[in-house]
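Take a look at the sequence and the fold, then read on.

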Amino acid sequence: MPHSAKKTLPIFLILLALIILPYQFNFSYEALYTDALTFGLPFFMFIAGYVVIVNYSVRALKRSMGILVFAPIPWALAEVLWALTNNDGEVLAYSLSFDVFYLLGFAILVVALVTAYPVLRQYVKARAQAIALCITMIATVALGYYFLGYRGESIDGQTMRMTAIYLVFDLAVLFFALSYTWATIKHRLSPFWAWLLVFTLVTIAADTLYGIRALEGTYAPYALPSMLFNAAYAALLVGFLSFVDVRSALLRDVDERYYEIFNHSGAPTIMADGAHNVLLANQQFEQMTGYEEKEVTGEMKWPELVDAKDRKSILLLLNRMENVGTKKPLTRELNLHTKDGSALCSSVTFSFIPETDLIVITIFDLTERKKLENELKRINEDLQNFTFTVSHDLKEPLRNISSLATYLKRDYQDKLDDMGNEFLDMLVNSVSTMSQLVDDLLTLSRIGRKNVDFSFVDINNLINEVLGDIQNYVKERNAEVRYENLPKAMVQKTWIKQVFQNLITNGIKFNDSPQPTVDITYKDHNFFYEFIVRDNGIGIPQEYKDKIFKLFERLHSTEEYGGTGAGLAIVKKIVKEHRGDIWVESEEGSGSTFHFTIEKFFIGGE
Amino acid sequence: MTVIRRGILIIEDNMTDGLVIKRTLSKHLTDDITIVRDGMQAINALSEKLKSRPSKEDVVMPRLITLDLNMPKMNGFELLDRLREHEDTKSIPIIVLTSSQIPDEITRAYQMGVNNYVVKPTDHEKFEQTIEQIYHYWFEFSRIPED
């Protein structure tokens, strides 16, 4: 039995007490009370049904249930007419004036049930329908046998016909109510169908009793059949009310295929309402969290799944989004916990269904990926440490070789011939090249290794410092470096200084012009600065535009232009550490223009 | 008791580096320059000096010590501890000459009473220049305890 039935049952019992109890006391306003009740019940049934269907139903069900809601209107009207005809005290069992409206109500009910059939067909198994049909037929035969065989010859034709018509409608409703209730129990759908079954059974009893008493001429208003009719109304009223509580069941009433897409989707997904109640949860969700669907839907609020430290912030964020009225999907990394309490690092996407307060929450488990990420981070750190240690440890023997070679040359120059001295020179040069390579490797391994602080740096001053460091070289090459009005930026000062130094010296070094010039300008983009370093040097052939940023990649021999070929690799790595990008535009023989970007509001970290 | 300050002690496990330090300093100084390869040897050399004191009142100690931190047997920090504890070696200026640039080690070295922390440059030429500057700084520019 759906959990919500527990909540609607007390309402039904209270209504039943209101219907039955007053008759035990023989009070004077009996007629008025019964009239009020017989009118009030269908009336409120309509109101309740309308409110519930409008607010809580999905589109597919609105089509069928929407009609159903209108059934109580003719009933209420019929009750008024019935009460009016009874005012003169005469007991009138059947009269077309109000029976038309009673029957209209039932007709609407049957139409609604038939309309609902395509929606619910998936749930209703053939066996259930066969059993329902059997029960209905047995009831039909029993009732038919009873009434047709009633008192042999002396049949009141009018009463017989009316009773038969009522019973036909009743039996039709019984068939559907039975089938749907079966599906309800099987699939934990809306308890409405169970209440409809109660309604039908009570109505059949009342109609039968009404028919018998009318035939016998013992019918009296405000007695048993009336009470039974009221009880039936009460059951249907409660049935409508039960919709309020079974939104999740209603949501599942949507075309089964769509529900199955949801249920069998590979991503753990839940649907919740504006009050955070979980309405639906799919199989993947069950698997991931260990909760069963029935433990979650209608029982839990989704924030309960979120780790306490993330809960407040995400609720605040959603609240703010609601206030602003934005319905864009939101994705956040949140820590969830499963039923057994283990943590789930996951990426959670909140999608808002337009014109409702419903949210679809999709969860991606990042735990495995986080693990791999950490592993990768660790390996990367190891590698960096390795590079650092290796290059660091390589430096010492290199220095030793160079020391010894220098002393050899200094002390034993006379004892060696020209060839020997030349070899020593070559040895010293090789060692110094290797030493430079190791230094570059060391620099490269240091970028991003230590978390150098970001600070707000005036790039004009920074370039001024660079020019101070390389002023001899600039003077020697008769070069000119032009820059003005560069911005202030959030950077790791030492490293960005290295970037400008490498780019400026490159511009001067790879330059055949009698006066090498380097121009530094910038462009202000929304979220980043783009710095442009333009030279009038020898340029870079098209096919090497990407190659030049690779480690130890050289376009020219060491004899032509010195250097290790690590400079631009270092520059690129630094720029990447600032979440920027670097590229070059160049034509051979007409200078190169290096562009690099730096994110404006990035201050390091993840 | 008086401490007679003579000579320079180079504690350096890299023999070539020790040689460079010795050669460069001996261009300027007439001092007796001793090279030892690790902390143990340094302790032995110093206790030798304590034993073979010229008279009961006098003891001969080096004027200056250069110290490499990463050494086998007894590393620089352990040795520093011992040197700063002992009455006779307390006042000797100690210059750390090492290739380690780890900030924590630098701080720790100064905390333990090192007087100067110098990182060995990568190439020979700069290394020689650095030793020259150490000479100029400590023996011409600064005053260190004399006899």
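## Chain A overall

Chain A holds 20 helices and 12 strands; helices (H or I, at least four residues) and strands (E, at least two) are DSSP runs, numbered from the N terminus. Of the 606 residues in chain A, 35% are buried, where buried means that 20 or more other C-beta atoms, placed from the backbone, lie within 10 Å of a residue's own.

Among contacts in chain A with a separation of 6 or more, 68% link residues 24 or more positions apart. A contact here means C-beta atoms, placed from the backbone, within 7 Å.

## About the model

This is a predicted model: local features need pLDDT of at least 70, side-chain atom pairs count only at pLDDT 80 or more, and totals for chains, interfaces and linings use all residues. Residues are numbered from 1 along each chain as its sequence is written, while chains are lettered from A and ligands numbered from 1 in the order in which they are written.

## Strand β6 of chain B

Why is strand β6 (residues 94–98) of chain B largely enclosed by the rest of the structure? Because 4 of its 5 residues are buried.

## Its two neighbours

Strand β5 (residues 64–67) of chain B runs parallel to β6(B), joined by 3 bridges; strands pair if DSSP finds at least two bridges between them. B:Leu67 has B:Val96 in β6(B) as its bridge partner. The chain passes from β5(B) to β6(B) through helix α3 (residues 76–85) of chain B, a right-handed β-α-β crossover. Right-handed means that, with the strands pointing away from the viewer, the path from the first strand over the helix to the second runs clockwise.

Strand β7 (residues 116–119) of chain B also pairs with β6(B), parallel and over 4 bridges. Here B:Leu97 stands opposite B:Val118 in β7(B). Together with helix α4 (residues 103–111) of chain B, β6(B) and β7(B) form a right-handed β-α-β unit.

Notes
A residue is buried if 20 or more other C-beta atoms lie within 10 Å of its own, exposed if 12 or fewer, and partly exposed in between; C-beta atoms are placed from the backbone. Two residues are in contact if their C-beta atoms, placed from the backbone, lie within 7 Å.
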